[in-house]
There are 2 protein chains.
Amino acid sequence: MTATEIDVLGVGNAIVDVLAEVDDDFLVAEGIAKGGMTLIDTARASALYARMPPGVEVSGGSAANTMAGIASLGGRCAYIGKVAADQLGAVFAHDIEAAGVGFATPPLVDSEPTARCLILITPDAQRSMNTFLGASTFLDSSDIDADLIAAAQVTYLEGYLFDRPEAKAAFFAAADIAHRAGRRVALTLSDTFCVERHHAEFTRLVAEVDILFANEGEARALTGEADFESSVRALAAHCPIVCVTHGANGSVIAAEGKVHPIAAAPVERVVDTTGAGDLYAAGVLYGITTGHDLPTSGRFGSIAAAEAIGHVGPRPRQSLKALIGA
Amino acid sequence: MTATEIDVLGVGNAIVDVLAEVDDDFLVAEGIAKGGMTLIDTARASALYARMPPGVEVSGGSAANTMAGIASLGGRCAYIGKVAADQLGAVFAHDIEAAGVGFATPPLVDSEPTARCLILITPDAQRSMNTFLGASTFLDSSDIDADLIAAAQVTYLEGYLFDRPEAKAAFFAAADIAHRAGRRVALTLSDTFCVERHHAEFTRLVAEVDILFANEGEARALTGEADFESSVRALAAHCPIVCVTHGANGSVIAAEGKVHPIAAAPVERVVDTTGAGDLYAAGVLYGITTGHDLPTSGRFGSIAAAEAIGHVGPRPRQSLKALIGA
């Protein structure tokens, strides 16, 4: 790709999701907090998988889902993330390339297997994620392709990845390359637990970020504010564009002293909220990078999120381009 | 399991399905005959997969789907089939065990990978299957557990498996063990191409079979009869119970000189016909082995098939036991 060819470059944990429907009792018996993301080790992954119902395997990973969403909207994008040289790694690589997203990160050989996220969907369509990170955490600065970052209008970083020192260094390096090239950096806070675990560094990273994504819990965790509106204002003081989702209430986008309320798009049947936040970010980033105003970009985000909520799995199954009427 | 514990034992190709939605032009460009099953080699599997859209991985395999259906109906069942000791093999083993089906066939080590079926779903909900058999064909007589066969009311064999000489020998061996133990043998013809390729041996095998499953095309291919009714009569002359599906028209079950018409069950939205025949067999076999008459068993088959047609993937997602009102 040449310097003018990319709208958004995503950087994140390359993960294959294993989705299964369970009842609330299963979460209680397994001690799983509903709606959150928990990192699990090999032993826990084996034990939990053995007790899970039959599953469906689909490619996932937060930033990867967002890139698949942007591609479905008609945007040009690429992805950097680490799989292993194994069957699930091949599945991940196939799926993201087949979605129209450039992907060339070399796989990890003879080490950890491709990351898996055991996602338990309860009858209320809520998803509870249990992530075995495997190969995905072996992404380091050598995988951060400076030419690709310089070629992307926006480099989008996933907070989930912000854990190991090498990955943190890669994040700051990516932000530095982007800004030197006159490009923008976007970040999703990803999870309340991530924010709490790396609070000081997230605060420092947010200061480098041009477009920030968070949900209400993450916004409050980072700012320490007690309510939604205060947390949005606090983030907007540090960051040019702040997008905060508010569940079924929709979202707000704060920029240049204004707060734009964004309505949620109607969903015929709420099936599985996996990927809703990822596709919201896809719609907003597509809108911003293709010259739309913030309320329109927010509307694209709501439409994309609604599509994800209407089926099992985190990536779009319908053409998002058609859904936004483009 | 002890001798009284199993209703049905399934023997078949252990396969993980890769499902993707395509338009009719894709089938034409790839030279794929709609609705059929084509065996493909490693090179073709790689080339076709590379051109396929993003997929969903779910455990499949015709007889394995049938066993998952019987378990969902509340029946007791087990499965014999060969996966490799790899990630997709682990997925297959997890899913069938988690569905409540006994599975203890040792995996193939250091040889071919687990079988995959690339299933292309067109907008008319028809599925076109491209099967890379991999490890599944390495099932041989040593995997046929005589105690398990003797413990099962019915041993259900999948015609797809009936290809290599070792597998054919395993089929006849299984039928012999079952009959010596006073048990019944069921067979599905699986595919018109299978029937045509091994016509003489299928004819010989059918003579050993107590319960036969076929669709219209397979019934006509085996009997050489030109129409549906004649092919049913011809099969019924050789086999005590003959169940022949007739697409949206439902099916018939012929036994003891009578032909019972079985109505199709209503389907709210036809999404994907993958697994419809497999779950029809599940309903019928569950009915027969739990003492129901043939019209009732047929009705269970229609209800189970309708469930499979209403979603992507070949195995039940709702409790079939609840759907039949048991």
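This is a predicted model: local features need pLDDT of at least 70, side-chain atom pairs count only at pLDDT 80 or more; totals for chains, interfaces and linings use all residues.

For the complex, the predictor reports an ipTM of 0.92 together with a pTM of 0.94.

Let me move on to the arrangement of the chains. Chain A is superposed on chain B by a rotation of 180°, with 0.0 Å of shift along the axis and an RMSD of 0.0 Å, and the two copies are therefore related as by a two-fold rotation axis. If you look along chain A for the C-alpha nearest that axis, you will find that of A:Glu57, which lies 2.4 Å from it. Of the interface residues of chain A, 100% are also interface residues in chain B, so the copies meet through the same surface.

Now to the sheet. In chain A there is an open sheet of 9 strands with mixed pairing, and its order reads β6-β5-β1-β9-β10-β11-β12-β13-β14. Its edge strands are β6, residues 102-103, and β14, residues 258-262, each of which pairs on one side only. At the β6 end, strand β5 of chain A, residues 77-80, pairs with β6(A) in the parallel sense over 2 bridges, and here A:Ala78 stands opposite A:Gly102.

Finally, helix α3 of chain A, residues 62-73, lies across β1, β5, β9 and β10 of that chain, and runs at about 160° to β1(A).

How values were computed:
Residues are numbered from 1 along each chain as its sequence is written. Chains are lettered from A and ligands numbered from 1 in the order in which they are written. Copies are superposed by least squares on the C-alpha atoms of residues with pLDDT of at least 70 in both. Two residues are in contact if their C-beta atoms, placed from the backbone, lie within 7 Å. Two strands pair if DSSP finds at least two bridges between them. Helices (H or I, at least four residues) and strands (E, at least two) are DSSP runs, numbered from the N terminus. Axes are lines fitted to C-alpha atoms, for helices over the stretch in contact, and angles run from 0 to 180 degrees between N-to-C directions.
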